[in-house]
Amino acid sequence: MGTIPPTVARMWGRDTSSRHGPRPSLDVPGIVAAAIAVADADGLAGVRMSSVAAALGVAPMSLYRYVGSKDELLVLMADAAVPDPPPPAGHWRDYLTVWTRANRDFLIARPWQLELTRRTPPTGPRTLLWLDRALAALDGTGLPAQAGIAIATTLTGYAASQAALVASMVPQEALEGPADYGAMLTEVLDPAVYPALSAAVAGGAFGANPDWIDDADFLLGLDLILRGVESIAREFTAG
């Protein structure tokens, strides 16, 4: 009880394990930075202890002096690759809109992060800073801390689902944008079986924006979530 796991200790710079011998030529931040560069270039599948060691110009066994395993390295990467959250500002709804969009955007920029974010709850200094800023924004709503955690988790999940949608759509052959996707659906859908979806496609639901990232669609879904938060906050304070 009260013992910090070694991986978490390394993320917070509290790794106090003794290392005898000459002054080390590597450190954990440098190894993690090299691993992130490999992931940016080759995706998460390219991250191996051997590939990271090659990027650093050392033998793979040298890394194990600092990082216990590839799984541990991935956990360290998941936190280190996260940018700073937006600075606190404005009404809580406005801030959480900016916060969620920024969360989505850094996942789109580094889609390999999508797999890593599902592996572990936030334990590192950077991911926990995002959680702290979301809770701080909700502080004036009167909602209890437990509700704030649930709301931040929901918004994080929404940002990840939107980023995953973009990541899954972009590589599709011959589907360069929503209009292409809508045209494909027109060809395959039978209005007798899919009446509502066929009507949506015919109404241009997938052709308004040339890119897969449509901020209007994103904001509509986010508005639904935040309206729900407002409703819960009113009920809570009224009760």
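## Ground rules

Because this is a predicted model, local features need pLDDT of at least 70 and side-chain atom pairs count only at pLDDT 80 or more, while totals for chains, interfaces and linings use all residues. Residues are numbered from 1 along each chain as its sequence is written, and side-chain values use heavy atoms, with hydrogens and water left out.

## The overall picture

The protein chain holds 12 helices and zero strands. Helices here are DSSP runs of H or I with at least four residues, strands are runs of E with at least two, and both are numbered from the N terminus. Read from that end, the elements run α-α-α-α-α-α-α-α-α-α-α-α.

Of the 239 residues, 35% count as buried; that term means under 20% relative accessible area, against over 50% for exposed and in between for partly exposed, using a 1.4 Å probe and protein chains only. The accessible surface comes to about 13500 Å², and 59% of it belongs to carbon and sulfur atoms. Such areas come from the Shrake-Rupley method with a 1.4 Å probe. Among contacts (heavy atoms within 4.5 Å) between residues at least 6 apart in sequence, 74% join residues at least 24 apart.

## Helix 5 and its partners

Two packed helices are described by the angle between their axes and the distance between the axes. Axes are lines fitted to C-alpha atoms, for helices over the stretch in contact, and angles run from 0 to 180 degrees between N-to-C directions. Helix 2 (residues 28-42) and helix 5 (residues 70-80) have axes that come within 9 Å and cross at roughly 80 degrees. Helix 2 is therefore roughly perpendicular to helix 5; that label covers 65 to 115 degrees, with under 35 roughly parallel, over 145 roughly antiparallel and the rest oblique. On the helix 2 side you will find V28, I31, V32, A35, I36 and A39, which meet L73, L76, M77 and A80 of helix 5. The residues of this contact divide into 10 nonpolar, no polar and no charged. Here Ala, Val, Leu, Ile, Met, Phe, Trp, Tyr, Cys and Pro count as nonpolar, Asp, Glu, Lys and Arg as charged, and the others, Gly among them, as polar.

Helix 5 also meets helix 8 (residues 125-138), with axes that come within 6 Å and cross at roughly 45 degrees. That makes the pair oblique. A78, D79 and A80 of helix 5 meet P125, R126 and T127 of helix 8, a set of three nonpolar, one polar and two charged residues.

## Helix 3

In helix 3 (residues 49-56), M49, S51, V52 and A53 are buried. The buried residues of helix 3 pack against helix 2, helix 4 (60-63) and helix 5. G57 follows helix 3 and has a positive phi, near 75 degrees.

## Helix 6, helix 12 and W92

Helix 6 (residues 92-109) packs with helix 12 (residues 215-238) at an angle of about 135 degrees, their axes 11 Å apart. That makes helix 6 oblique to helix 12. By class, their contact has seven nonpolar, two polar and seven charged residues.

W92 lies in helix 6 and, at 12% relative accessibility, counts as buried. What does W92 touch, not counting residues up to four places away in sequence? The list is A137, L138, T141, L226, V229 and E230. The C-alpha atoms of W92 and G140 are separated by 7.9 Å, though the two residues are 48 apart along the chain.
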